[in-house]
Amino acid sequence: MFMTRLIYQLIVVLLVLVVTIVFCSQALNESQRCGRSLYRKRVYHGTTSARADTIQKRGIRPSSDGMLGPGVYVSADYDKALREANKTCCQDRGGQPTVLVYDADVGNVMVINRKNHPRRLNWQNTHDSAWVPPNTRDLCPVGGSEESCIKDARRLHYVERLDYN
């Protein structure tokens, strides 16, 4: 009697485990096939008000180059995005600093933790985004903020616009 009950409980546990594994793997496969990520994060893109107008009309577009190669550069650090907005205004000799807020489906992320990382400029072949962790000294010496580069702009979902005087 005891052995029968133990075997029955073991079978129930195994069935639950199998159903869980099948369900989770199907959800993961669906996520990968549809280009969606199971992980979303709030990110900020610093720019000028004039450039923000263009982005809002035409959509945000990946840059052709940069520290991590082509892609859309964003940060989960709001202060870094605001510094970038102010820097861009100075470079453009005017304009109003603006921060665009997005929710990003980061997808498969390549961590770039040094300037001489072998995949720093060619992660796009295998990953959806690249991420430089905070305080990566040889990549972000000023302020030590993190930064992400998203390969496909469709992974960014607009939330709001923050203009500053």
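I started at the residue that follows helix α3: Arg-93 has a positive phi, near 55°. The model is a predicted one, and I kept that in mind for the entries below.

**Helix α3**

I checked the length of α3, residues 78-91, next. At 1.5 Å a residue its 14 residues should span 20 Å, and the end C-alpha atoms are 20 Å apart, so the two values agree.

I then looked at the N-terminal end of α3. Asp-77 caps this end, with a side-chain oxygen 2.9 Å from the backbone nitrogen of Asp-79.

Which residues of α3 are buried? I found Lys-80, Ala-81, Ala-85, Thr-88 and Cys-89.

**Largest pocket**

I looked up the largest pocket and noted a volume of about 850 Å³. Its lining is made up of 31 residues, and those closest to the centre are His-45, Gly-46, Tyr-73, Glu-84 and Glu-147. Two or more lining residues come from each of β1, α2, β2 (72-74) and α3.

Which element gives the most to this lining? I recorded α3, with seven residues.

**Cross-reference**

I set the entries on α3 side by side.

Conventions
Residues numbered from 1 in each chain as written. Predicted model: local features only at pLDDT ≥ 70, side-chain atom pairs only at ≥ 80, totals over all residues. Heavy atoms only, no water. Helix = DSSP H or I, 4+ residues; strand = E, 2+ residues; numbered from the N terminus. Expected span 1.5 Å × (residues − 1). Buried < 20%, exposed > 50% of the residue type's maximum accessible area, 1.4 Å probe, protein only. Polar contact = N/O pair within 3.5 Å; in protein donor to acceptor, adjacent residues only side chain to side chain. 1 Å grid on protein atoms, 1.4 Å probe; cavity = no way out; pocket = protein on both sides within 12 Å on 5 of 7 lines; lining within 4 Å. Points joined across faces, edges and corners; volume = space filled by probe spheres on them.
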